[in-house]
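User: Please take me through this structure by question and answer, with the cut-offs behind each term.

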Amino acid sequence: MIHRLRVLDTHTGGEPTRILLEGGPDLGRGSLAARLERLRNQHDRFRRAMLCEPRGAAHWVGAWLVEPADSSCIAGVIFFNNVGYLGMCGHGAIGLMAALAWLGRIGPGRHRLETPVGVVEAELRADGQVCLRNVPAYRYRAALALEVPPWGVVQGDVAWGGNWFFLVHDPPVAVRPENREALWAFAQAVRRALDASDIRGPEGALIDHVELLGPPTHPEAHSRNFVLCPGGQYDRSPCGTGTCAHLACLYAEGQLAPGTIWRQEGIGGALFEAYFERDPEDPNRIIPWIVGEAHVMAEANLILDERDPLCWGMEP
Ligand code: PYC
């Protein structure tokens, strides 16, 4: 049997997103969270086929486009990577907006996207920039001491920005592009230490992203990050949800006021502009906004030929 998946590839500050437009199995109706579970439990091989080698690569994120359950939204989207599923994805949502514009499905203006963790609003600007209002973000735990062999004790915060992050504000390796390998090794050690010490989010949520923060190079930026994603690769962009988690920590520390512009540089050099409002429903949470741009790179049909022994992708 041969499956043809129609996809559009975009990148946001160097971080790619592969968007499934047509050809995947029907995920049925219901909430996006329920459809994510259906995808995970019944059709996970399509995720692997799209993103794992030989068709994909470990740093790619996928976006599965579905009919929204909420009719005020222009689309529903489920984000995933080479090892599993994401609640939200900032660079991916910006990529999706660029893709919908490319396809002529949206024009400049405000739009709503439904994700498994809530509705996000996105404004497509006339110059192609996308301003995304993310789900509420908050710091869950502050200044946790974590034993990270062989580095010693490291302090970090746990925060939600649409995904769970452990943020290290002063890592032992400088957050500079030439240190990518050492940053990767340190962030992996932090991930292992989080598992070993059973540090989790509420209701046992896995903290599956590690964000290392340091001074920027870009003259207009306030900070630079290196974000290790669950699939074991790092985000080439400043990571949308990671930027939101960082804003939540700055707010909780009293270091950033609502409405103040924050420019987050990623390890690849791209910038996201961000700011926040207080969440009127909860004084501990913020409503973050991020601004960035994405570009369409390819429009293609993926061929999934079941005679190919690697049709469903290789295990990462
Ligand atoms: O931009 O939110 C993001 C993201 C999450 C994982 C990779 N990118």
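Analyst: Contact here means heavy atoms within 4.5 Å, and helices (H or I, at least four residues) and strands (E, at least two) are DSSP runs, numbered from the N terminus. This is a predicted model, in which local features need pLDDT of at least 70, side-chain atom pairs count only at pLDDT 80 or more, and totals for chains, interfaces and linings use all residues. Residues are numbered from 1 along each chain as its sequence is written, and side-chain values use heavy atoms, with hydrogens and water left out.

User: Which elements are included in what covers the buried residues of α1?

Analyst: Helix α1 spans residues 32-42, and its buried residues are Leu 32, Arg 35, Leu 36 and Leu 39, where buried means under 20% relative accessible area, exposed over 50% and partly exposed in between (1.4 Å probe, protein chains only). The cover over these residues includes α2 (44-51), β3 (61-66), β4 (75-80), β5 (85-86) and β6 (109-115).

User: Within what arc do the buried residues of α1 fall, seen down its axis?

Analyst: In helix α1, Leu 32, Arg 35, Leu 36 and Leu 39 are buried. These buried residues line one face of the helix, because seen down the axis of α1 they fall within an arc of 105 degrees, the arc being that of the directions from the helix axis to the C-beta atoms. An α-helix has 3.6 residues a turn, so residues three or four places apart point the same way. The arc asked for is 105 degrees.

User: Which exposed residues does the face of α1 turned away from its buried side carry?

Analyst: The buried side of α1 includes Leu 36 and Leu 39. On the face turned away from that side, the exposed residues are Asn 41 and Gln 42.

User: How much of the ligand's area does the protein bury?

Analyst: The residues surrounding the ligand are Cys 89, Gly 90, His 91, His 209, Cys 229, Asp 235, Cys 239, Gly 240 and Thr 241, a residue being near a molecule if one of its heavy atoms lies within 4 Å of it. Oxygen atoms of the ligand lie 2.7 Å from a polar backbone atom of Gly 90 and 2.8 Å from a backbone N or O atom of His 91, while a nitrogen atom of the ligand is 2.8 Å from a polar side-chain atom of Asp 235. Taken alone the ligand exposes 240 Å² (Shrake-Rupley method, 1.4 Å probe), and the share of that buried by the protein is 99%.

User: With the side chain of which residue does the side chain of Asn 163 make a polar contact?

Analyst: Asn 163 lies in the loop between β10 (152-160) and β11 (164-168) and is buried, with a relative accessible area of 6%. A polar atom of its side chain lies 3.1 Å from the backbone nitrogen of Gly 87. A polar contact is a pair of N or O atoms within 3.5 Å; within protein, one must be able to donate a hydrogen and the other to accept it, and residues adjacent in sequence count only if both atoms are side-chain atoms. At 3.1 Å, the side-chain partner of Asn 163 is Thr 241.

User: Is Cys 239 buried or exposed?

Analyst: Cys 239 is placed in the loop between β13 (223-228) and α5 (240-252), and its phi is near 65 degrees, a positive value in a residue other than glycine. With a relative accessible area of 5%, Cys 239 is buried.
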